[in-house]
Amino acid sequence: FAEGLTVKEIAAQMAAKGWQDAVTLAADPGVAKSLKLQGERLEGWLFPDTYFYSVGDGAMDLITRMTNRSKKILQQEFDGRDPDVNLSPYQGLILASIIEKETGKGAERRRISAVFHNRLKKRMRLQTDPTVIYGVKNFDGNLTRTHLKTKTPYNTYMIRGLPPTPIANPGQAAIHAAFHPDGSPYLYFVARGDGSHVFAETLEQHNNNVMKFQKNRAYRKKMER
């Protein structure tokens with residue numbers, strides 16, 4: 001299972017391998033409760049990795065192994081967190097899922113983490129597209145201005161703070177980054193278009209970067225606070 005997949009996507013992969021009940025289990029809030037997980041769902045708790053299994057192992061067996069791995073790694077990273085990081089383990093998991101969806105570049109994870117930590121400290125909205133997308137039912141791949149202006153528990157352009165749950169299942173590198181921001185002063189970043197991002201300390205700098213790298217999305221300037 002790759003990093004950054006949602007529970008729904010992981011369940012679909014499991015169903016394709018013959019565990020048809022994985023889809024039902026993934027949607028059942030009672031499963032998270034039975035495994036003593038924080039939050040009302042499995043999202044964020046299915047640790048991405050390669051798993052070996054035996055004939056007779058069921059979907060619940062694999063889900064249990066994945067959540068146990070996630071709990072162990074999350075606790076390790078939380079225990080070793082930077083002293084100025086003021087997040088609970090579950091909040092760190094939520095932030096890690098956002099970091100995972102924002103970048104696949106290892107060198108950027110801790111810097112992107114710093115942006116979100118800085119915004120949280122200043123009570124700025126996180127304004128991150130992946131959370132908005134997660135809150136859109138049957139998202140078709142086209143993020144619109146209407147989506148950005150529609151309030152959901154996951155629309156971080158509209159709400160302050162972290163969303164209520166993770167938005168994907170992060171790997172250890174993203175979890176580590178959530179608890180170890182690099183200390184940079186940035187408050188903004190925008191995609192360059194090549195998989196990397198350019199960072200800025202001020203809104204003016206950020207707006208210039210948006211115009212330079214994403215002219216077709218210049219309306220985002222009006223959404224910033």
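User: Let's start with α4 and α9. Are they roughly parallel or roughly antiparallel to each other?

Analyst: In this predicted model, α4 and α9 are roughly parallel to each other, because their axes cross at roughly 30° and angles under 35 degrees count as roughly parallel.

User: How close do the axes of α4 and α9 come?

Analyst: The axis of α4, residues 59–79, comes within 9 Å of the α9 axis. α4 passes α9 in a right-handed crossing.

User: Which residues of α4 and α9 meet there?

Analyst: From α4 you have I73, L74, E77 and F78, and they meet Q172, I175, H176 and F179 of α9.

User: Okay, on to α6 and α9. At what angle do they pack?

Analyst: About 45°, with the axes 8 Å apart; α6 covers residues 109–121 and α9 covers 172–179. The pair is therefore oblique, and the crossing of α6 past α9 is right-handed.

User: And which residues in α6 meet α9?

Analyst: R109, R110, S113 and H117 do, with A173, A174, A177 and A178 as their partners in α9. By class, that contact holds four nonpolar, two polar and two charged residues.

User: What about α5 and α6, how do their axes cross?

Analyst: At roughly 125°, coming within 10 Å, with α5 spanning residues 89–102. α5 and α6 are therefore oblique to each other, and α5 passes α6 in a right-handed crossing.

User: Who meets whom between α5 and α6?

Analyst: L95, I98, I99, E100 and E102 on the α5 side meet R109, I112, S113, F116 and H117 on the α6 side. Five of the residues in this contact are nonpolar, two are polar and three are charged.

User: Nice. Switching topic: what volume does the largest pocket have?

Analyst: Its volume is about 800 Å³. The lining counts 27 residues, and T6, K8, R41, E43 and Y134 are the closest to the pocket centre.

User: Which helix gives the most to that lining?

Analyst: That's α1, with four residues. Helices α1 (7–16), α2 (21–27) and α7 (129–134) each supply at least two.

User: And how does the lining of the largest pocket look by class: how many nonpolar, polar and charged residues?

Analyst: There are 15 nonpolar residues in the lining, along with eight charged and four polar.

Conventions:
Residues are numbered from 1 along each chain as its sequence is written. This is a predicted model: local features need pLDDT of at least 70, side-chain atom pairs count only at pLDDT 80 or more; totals for chains, interfaces and linings use all residues. Side-chain values use heavy atoms; hydrogens and water are left out. Axes are lines fitted to C-alpha atoms, for helices over the stretch in contact, and angles run from 0 to 180 degrees between N-to-C directions. Angles under 35 degrees count as roughly parallel, over 145 as roughly antiparallel, 65 to 115 as roughly perpendicular and the rest as oblique. A crossing is left-handed if the near helix is turned anticlockwise from the far one by less than a right angle, and right-handed if clockwise. Contact means heavy atoms within 4.5 Å. Ala, Val, Leu, Ile, Met, Phe, Trp, Tyr, Cys and Pro count as nonpolar, Asp, Glu, Lys and Arg as charged, and the others, Gly among them, as polar. On a 1 Å grid over the protein atoms alone, a cavity is a set of points where a 1.4 Å probe fits but cannot get out, and a pocket is an open set with protein on both sides within 12 Å along at least five of seven lines; lining residues have an atom within 4 Å of a point. Grid points are joined across faces, edges and corners, and a volume is the space filled by probe spheres set on the points.
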